[in-house]
Amino acid sequence: MRRKRFSRREVLAGVGAGLAAAVVPGCSGADGGRSGALQVWGGVPAASGPADVVKAFQAKFPQYKVNYTRFVNDDRGNLKLDTALQGGVDIDVYFTYSQAAMALRAGSGLAADLTDRVRADPDLQVFLDAEQPRSYIDNGKVKALATAREPFFVLFNERLRQQAGVELPQSWTIEEFRATARKLTTDKTVGTYTLPDVARIALGPNYWYDGNRSNFGDPHFEQGFRLGRDMIAEGTAFPWTEVLSRHLDAYQQNSFLGEEFHLWSTAPFNLRYLYDAKKYPHDFKVAFAPPPTVDGQNWNGGSYSNFIMVNPKSPKFEAAWAFVKFWLTEGATPMLKGGKMPALGNVTDEQIVSGMLGKEPEKYFDLDSFRRVVLASEPKLATDTRLTGFPEISLAMKQQRDLCWLGEKDPGVAIREVRRLADAAIARNERRP
């Protein structure tokens with residue numbers, strides 16, 4: 001089927017309309033007022049693991065009843081959650097998936113201090129480790145705990161790879177990634193959705209910061225903007241007009257399974273779409289490759305993530321903490337089918353295979369490459385710990401990247417504007433008490 005092409009004017013108009021719609025307040029539900037049940041909000045569909053965690057928790061703690069509410073982890077879904085938290089909706093425990101949302105929620109007093117509970121629990125001491133952080137610590141206080149570790153990898157459509165005569169890489173550079181995307185591009189299939197984060201791979205954690213200023217003067221940021229724009233222009237990366245108009249940042253799996261693009265740089269949570277042939281039909285296997293390296297550096301790009309947080313306004317703190325600890329420890333296994341590898345690593349390789357790849361893993365996945373890339377490797381996960389001005393910087397990065405990849409702005413000009421806005425955001429936020 002021929003894809004509809006959108007003009008840049010149509011895309012920018014659509015984005016503006018979407019933002020206007022997103023600011024409409026409101027959050028409805030049967031449990032809008034305070035109730036006796038523990039109210040948990042998360043971005044993973046209940047059937048992809050949370051329902052089983054809740055069931056197991058209630059079996060162990062029958063004195064507690066839990067209601068799980070799913071919000072879509074996109075801009076509108078996160079706005080819905082933020083509006084509900086600020087408006088006093090009955091929410092006791094909730095999940096945060098982006099660093100920008102983390103900075104906003106913790107900085108707005110929407111995250112309870114969990115420090116004493118973590119320090120008092122031998123099972124959770126790893127969350128106090130500042131060298132390889134798995135928690136968000138704000139001014140010495142633990143505000144959020146990672147429930148998952150999410151290494152990035154690059155997925156290949158095995159049928160299209162073999163038809164193109166492309167070798168499955170076990171290590172490769174960002175230049176080889178681009179060359180591979182070019183080889184995989186046909187009149188029906190674009191080589192890649194987008195490219196991995198060049199600067200992140202080269203610079204690692206806290207890569208947006210350099211002392212008390214931003215780090216966007218580092219050439220890897222402009223390299224990433226320019227490489228993305230060049231690949232879009234040559235037709236080897238997905239047209240950014242369509243990415244924005246079709247909201248592919250949230251729904252990439254549909255285009256991958258429809259063979260609209262080939263290489264997919266993603267994380268384990270998207271694997272749940274690849275073994276459910278009833279909801280997401282396809283007839284090809286998927287193979288795994290590690291992220292490419294940049295200038296010899298190989299930060300994975302993934303991180304410890306899916307942070308669980310407690311609403312400080314919750315009157316059910318004991319129940320909330322019991323649920324948090326259960327999710328982190330013995331209750332974590334059901335989340336594998338949602339592509340969530342436990343942050344504490346308390347599962348076996350075989351549990352990961354059966355949990356993350358479905359009942360017939362060999363039917364939909366190349367297991368050798370999965371074991372090599374996901375199980376046998378020890379990726380360098382880059383978890384950010386500095387979030388000064390993060391929401392503003394994140395917005396600036398997204399806006400300038402979009403303008404650049406839509407062809408509206410030169411990469412160098414765009415990244416210099418990011419640097420200007422980021423420096424101002426850092427200075428403004430560091431002056432606040």
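**Two helix pairs in a predicted model**

Helix α7 crosses helix α9 in a right-handed way. The model that shows this is predicted. Find α7 at residues 174-184 and α9 at residues 219-234. Two packed helices are described by the angle between their axes and the distance between the axes. For α7 and α9, the angle is about 10° and the axes lie 11 Å apart. Angles under 35 degrees count as roughly parallel, so α7 is roughly parallel to α9.

Now look at the side of each helix that meets the other. From α7 come Ile 174, Glu 175, Phe 177, Arg 178, Ala 181 and Arg 182. From α9 come Gln 223, Leu 227, Asp 230, Met 231 and Glu 234. Sorted by class, this contact holds 5 nonpolar, 1 polar and 5 charged residues.

Next, turn to another pair. Helix α2 covers residues 50-60, and helix α12 covers residues 317-328. Their axes come within 11 Å and cross at roughly 120°.

Which residues make the contact between α2 and α12? On α2 they are Pro 50, Val 53, Val 54, Ala 56, Phe 57 and Lys 60. On α12 they are Ala 319, Ala 322, Phe 323, Phe 326 and Trp 327. By class, the contact of α2 with α12 has 10 nonpolar residues, no polar ones and 1 charged.

Methods. Residues numbered from 1 in each chain as written. Predicted model: local features only at pLDDT ≥ 70, side-chain atom pairs only at ≥ 80, totals over all residues. Heavy atoms only, no water. Axes fitted to C-alpha atoms, helices over the stretch in contact; angles between N-to-C directions. Helix = DSSP H or I, 4+ residues; strand = E, 2+ residues; numbered from the N terminus. Contact = heavy atoms within 4.5 Å. Nonpolar A, V, L, I, M, F, W, Y, C, P; charged D, E, K, R; others polar. Parallel < 35°, antiparallel > 145°, perpendicular 65-115°, else oblique. Left-handed = near helix turned anticlockwise from the far one by under 90°.
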